[in-house]
Amino acid sequence: MSGHVDAAAAWIYRGVWATVVSWFRVPAEPPTLPARGEPVRALRPAEGYLRYLKFLFWVALIPGDVLPVVGWTLVALAVPVLGLALAIPALALVVLPDVIAYVGIHLRYDTTWYVLTDRSLRIRRGILQIHETTISFENVQNVEVRQGPLQRHFGIADVLVTTAGGSTQTHGKGQSSTLGAHVGLLQGLDDADAVRNQILACVERTRAAGLGDEHPHQLAAHPAAAVSPALSLRHVAVLRDIRDSVRRLASAPLG
C-alpha cells in the first residue's frame with residue numbers, strides 16, 4: 001500500500017510545490033553571499049537524506065496506519081453495514097495524513113540549502129518562515145562529522161560547525177539577529193568528510209590572513225603585507241583578544 005500512497009503523494013506534491021512556491025514566495029535558488037576570491041559552492045542534502053527522512057516517516061506512521069485499519073476491520077466484522085459506510089472515512093484517515101507528511105518531507109528537503117564561500121557559510125531552512133544563518137569562518141571553533149548507524153545505512157552524515165559567536169540569523173523578510181555561541185548543522189551530506197575538510201581549509205586560510213581583515217588572495221598579491229610564518233594561530237588569537245579589548249574600552253562611556 002505504501003507504494004500506491006507514495007505515487008499518489010508524488011503526483012500531488014508537484015502541484016503543491018508549485019502552489020507553495022507561489023503563495024509563500026519560497027526561493028527556488030540558493031541564497032547568495034558576497035564572494036571575495038574563491039567561487040561560491042552551493043550544496044543540497046543528498047538523495048540518501050530524502051530516503052532517510054521517508055524511512056523515519058513510514059516507521060512513525062505505522063501505528064497511525066495500522067490502528068485505523070484494525071479498528072475498521074473489527075467494525076466491519078461485527079456490523080458489515082456500518083463497516084461499509086465507514087470504508088471511505090477509514091481510507092481517508094489512513095491515506096491523507098501520509099500524503100500530508102510526505103509533502104512536508106519533500107518541502108523540507110527541497111528548501112534546504114548550504115552555501116560556502118572562502119569567508120563564510122550560510123544555511124537556509126524553512127517554508128512559512130525562512131531561516132538563514134550565516135557563520136563567519138573567523139569565529140569557527142570546531143568542525144566535526146556525525147553519523148549514526150541508520151545514517152550510515154543511507155550513506156549520509158551531518159557536519160556540525162561550532163562557533164564562538166558572531167553568526168547572524170535572518171528571519172522572514174530580511175529581519176536578522178546576531179547570535180552568540182552558535183552551532184551550524186549541515187544535514188544529510190553524502191560527502192561530509194570533504195565538506196568538513198573544505199570548511200577547515202577556509203578557516204585556516206582566514207586565520208592565517210592575520211586578524212581576519214585581510215583576504216588571502218590580497219596577501220598573495222602583496223607579499224609585504226603577509227603575516228610572518230612565525231605568527232602562529234595562538235598568537236593570532238591573542239592579538240584578536242587584544243583588539244576586542246581595545247574596542248570595548250574605546251566604546252565604554254567616560255566617567
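This is a predicted model: local features need pLDDT of at least 70, side-chain atom pairs count only at pLDDT 80 or more; totals for chains, interfaces and linings use all residues.

Trainee: Okay, how many helices and strands are in the protein chain?

Mentor: The protein chain has eight helices and nine strands, and buried residues account for 35% of its 255 residues. Its accessible surface comes to about 14700 Å², with 64% of that belonging to carbon and sulfur atoms.

Trainee: And of the contacts between residues at least 6 apart in sequence, what share joins residues at least 24 apart?

Mentor: That share is 66% of such contacts in the protein chain.

Trainee: Which residues of the largest nonpolar core touch the most other members?

Mentor: That core has 19 residues, and those touching the most other members are Leu-121, Phe-137, Val-159, Val-161, Leu-186, Val-195 and Ile-199. Two or more residues each come from strand 2 (113-116), strand 3 (120-125), strand 5 (140-146), strand 6 (157-163), strand 9 (182-189) and helix 6 (192-208), and helix 6 gives the largest share, with five residues.

Trainee: What does Leu-186 touch, leaving out residues up to four places away in sequence?

Mentor: Leu-186 then touches Tyr-114, Leu-121, Ile-123, Arg-125, Ala-157, Asp-158, Val-159, Val-161 and Val-195. There is also a second, separate core of 12 residues, which includes Ala-46, Phe-57, Tyr-102 and Ile-156.

Trainee: Switching to rings, how many aromatic pairs does a search of the whole structure find?

Mentor: The search finds four aromatic pairs. One of them joins Tyr-52 and Phe-154 in an edge-to-face arrangement, with 6.0 Å centre to centre and 75° between the planes. Tyr-52 lies in helix 2 (residues 47-78) and Phe-154 in the loop between helix 5 (149-153) and strand 6, so this pair ties together parts that are 102 residues apart in sequence.

Trainee: Is Tyr-52 buried or exposed?

Mentor: Tyr-52 is buried, because its relative accessible area of 15% falls under the 20% cut-off. Phe-154 also counts as buried, at 15% relative accessibility.

Trainee: What about the pair of Phe-57 and Trp-58, how is that one arranged?

Mentor: Phe-57 and Trp-58 form a tilted pair, 4.5 Å centre to centre and with 50° between the planes, and Phe-57 counts as buried at 6% relative accessibility. Separately, ring pairs link Tyr-49, Tyr-52, Phe-55 and Phe-154 into a cluster.

Trainee: Which ring has the charged end of Arg-44 over it, 4.5 Å from its centre?

Mentor: That ring belongs to Trp-113, and Arg-44 also lies over the face of Tyr-109, at 5.8 Å from the ring centre. Leaving aside neighbours within four places in sequence, Thr-112 is in contact with Leu-43, Arg-44, Pro-45, Arg-124 and Arg-125, and Thr-112 is buried, with a relative accessible area of 5%.

Trainee: Last topic, then: in which sense do strand 3 and strand 4 pair?

Mentor: Strand 3 and strand 4 (residues 131-136) pair in the antiparallel sense over six bridges, and the bridge partner of Arg-125 in strand 4 is His-131. The hairpin of these strands has five residues between them, and there Gly-126 takes a positive phi near 115°.

Terms used: Residues are numbered from 1 along each chain as its sequence is written. Side-chain values use heavy atoms; hydrogens and water are left out. A nonpolar core is a set of buried Ala, Val, Leu, Ile, Met, Phe, Trp, Tyr and Cys residues joined through side-chain atoms within 4.5 Å. Buried means under 20% relative accessible area, exposed over 50%, partly exposed in between (1.4 Å probe, protein chains only). Helices (H or I, at least four residues) and strands (E, at least two) are DSSP runs, numbered from the N terminus. Contact means heavy atoms within 4.5 Å. Rings of Phe, Tyr and Trp (its six-membered ring) pair if their centres lie within 6.5 Å; planes under 30 degrees apart count as stacked, over 60 as edge-to-face and the rest as tilted. A charge sits over a ring if NZ of Lys or CZ of Arg is within 6 Å of the ring centre and within 35 degrees of the ring normal. Two strands pair if DSSP finds at least two bridges between them. Accessible areas come from the Shrake-Rupley method with a 1.4 Å probe; for residues, only the protein chains shown count as cover.
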